Amino acid sequence: MRESLIPVVPMSHTAHIRNHRKPRRNASTLAMRAGVAGGVLSTLAVAGAAGSANAAEPVTQTLELPTLTADLATQLAQSADATQQAAANYELQAERDAAAAKAAKQAKADLADAKKKAEAKKKAEDARKAAAAQAASRSSTRTVLSSSVGSSGSSSSTVSAPASGSVATVIAFLKAQVGDAYVMGGTGPNAWDCSGLVQAAFRQVGVDLPRVSQDQSTSGTPVSLSNIQVGDILYWGSAGSAYHVGVYIGNGQYLDAANPSKGVVIQDLSGYPATGAVRVL
């Protein structure tokens with residue numbers, strides 16, 4: 001039997017190594033894959049640009065408030081109304097308290113004013129009564145003096161010669177006028193100036209003196225101040241130009257119609273020394 005011969009093909013020395021080459025792909029497949037890859041890359045590029053732009057802007061987080069229910073809204077409204085009402089009540093009470101305090105203060109002031117007015121009215125009434133009593137006493141004294149002068153045989157205003165006790169009569173008349181007002185040019189019966197009072201006093205005993213102090217300072221006999229007696233006329237200023245007169249009543253005192261603030265008063269000669277004196281009785 002004849003054996004068949006199988007041809008032996010010599011093999012490469014690398015034939016046993018596995019081929020790692022990827023199988024070839026056709027052109028259409030490659031083109032499609034390239035297009036897909038390009039689209040993906042484009043999308044990534046756009047997304048990256050958008051991310052960069054968004055990263056430059058601040059991120060704001062929005063919180064959603066819980067939705068108020070009808071009951072909660074009602075409660076909040078009622079609470080607000082109650083608070084407003086309490087504030088209104090407080091303000092009203094404050095106004096009432098202020099008004100009450102003001103009324104109390106005014107009432108206190110009115111009461112004090114009423115008391116002052118009542119006291120002033122009482123003082124005025126007391127002064128009026130005292131003045132009336134004093135006036136009545138003066139009228140009585142003047143009546144007695146006029147009667148005593150008239151009993152000397154002449155009228156009370158024209159007596160040719162001083163009556164007995166004439167100095168005492170002059171002093172009594174003068175003292176009866178203490179408290180009368182001083183009025184420039186006054187000659188009585190309730191208001192006098194200095195010379196008007198002196199003239200009226202000596203007229204009670206029939207001595208008619210000049211009306212003004214300048215002339216009275218030269219009437220009668222001049223006497224030194226160290227030898228003055230009760231009833232002497234004192235004057236201030238020079239003799240013949242004296243600006244004030246009074247009558248010495250003893251014990252270092254004199255009586256005069258001083259000025260509008262004092263009226264007819266008794267004063268100490270040491271407090272207001274006279275310039276000179278004259279004697280007419």
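**Entry 1: the largest pocket**

I sorted the lining of the largest pocket by class and got nine nonpolar, six polar and three charged residues. For the classes, Ala, Val, Leu, Ile, Met, Phe, Trp, Tyr, Cys and Pro count as nonpolar, Asp, Glu, Lys and Arg as charged, and the others, Gly among them, as polar.

I noted the ground rules next. This is a predicted model, where local features need pLDDT of at least 70 and side-chain atom pairs count only at pLDDT 80 or more, while totals for chains, interfaces and linings use all residues. Residues are numbered from 1 along each chain as its sequence is written, and side-chain values use heavy atoms, with hydrogens and water left out.

What is a pocket here? On a 1 Å grid over the protein atoms alone, a 1.4 Å probe must fit; a pocket is an open set of such points with protein on both sides within 12 Å along at least five of seven lines. Lining residues have an atom within 4 Å of a point.

I looked up the volume of the largest pocket: about 240 Å³. A volume is the space filled by probe spheres set on the grid points, which are joined across faces, edges and corners.

The lining of this pocket has 18 residues. Tyr182, Cys194, Tyr243, His244 and Ala258 lie nearest the centre. I then checked which elements contribute. Helices (H or I, at least four residues) and strands (E, at least two) are DSSP runs, numbered from the N terminus. α4 (194–203), α5 (213–216) and β6 (253–257) each supply at least two lining residues. The largest share, three residues, comes from β6.

**Entry 2: the second largest pocket**

I found a volume of about 170 Å³ for the second largest pocket. Of its 11 lining residues, Phe173, Thr187, Trp192, Ala200 and Gln204 are the closest to the centre. By class, I listed four nonpolar, five polar and two charged residues. Which element gives the most to this lining? It is α4, with four residues.

**Entry 3: helix α4**

I asked how many residues of α4 are buried. Buried means under 20% relative accessible area, exposed over 50%, and partly exposed in between (1.4 Å probe, protein chains only). Nine of the 10 are buried, so α4 is largely enclosed by the rest of the structure. Among them are Cys194 and Ala200.

**Entry 4: strands around β8**

I counted bridges next. Two strands pair if DSSP finds at least two bridges between them. β3 (residues 221–223) and β8 (residues 276–279) pair in the antiparallel sense over three bridges. Pro222 has Val278 in β8 as its bridge partner. β4 (residues 233–236) also runs antiparallel to β8, joined by three bridges. Tyr235 stands opposite Gly276 in β8.

**Entry 5: aromatic rings**

I searched the whole structure and found three aromatic pairs. Rings of Phe, Tyr and Trp (its six-membered ring) pair if their centres lie within 6.5 Å; planes under 30 degrees apart count as stacked, over 60 as edge-to-face and the rest as tilted.

Trp236 and Tyr254 have ring centres 5.1 Å apart and planes at 50°, so this pair is tilted. Trp236 sits in strand β4 and Tyr254 in strand β6, 18 residues apart. Both residues are buried.

Trp236 and Tyr272 have ring centres 5.1 Å apart and planes at 15°, so this pair is stacked. Tyr272 lies in the loop between β7 (264–268) and β8, 36 residues from Trp236.

Is Trp236 buried or exposed? Trp236 is buried, at 1% relative accessible area. Tyr272 counts as partly exposed, at 33%.
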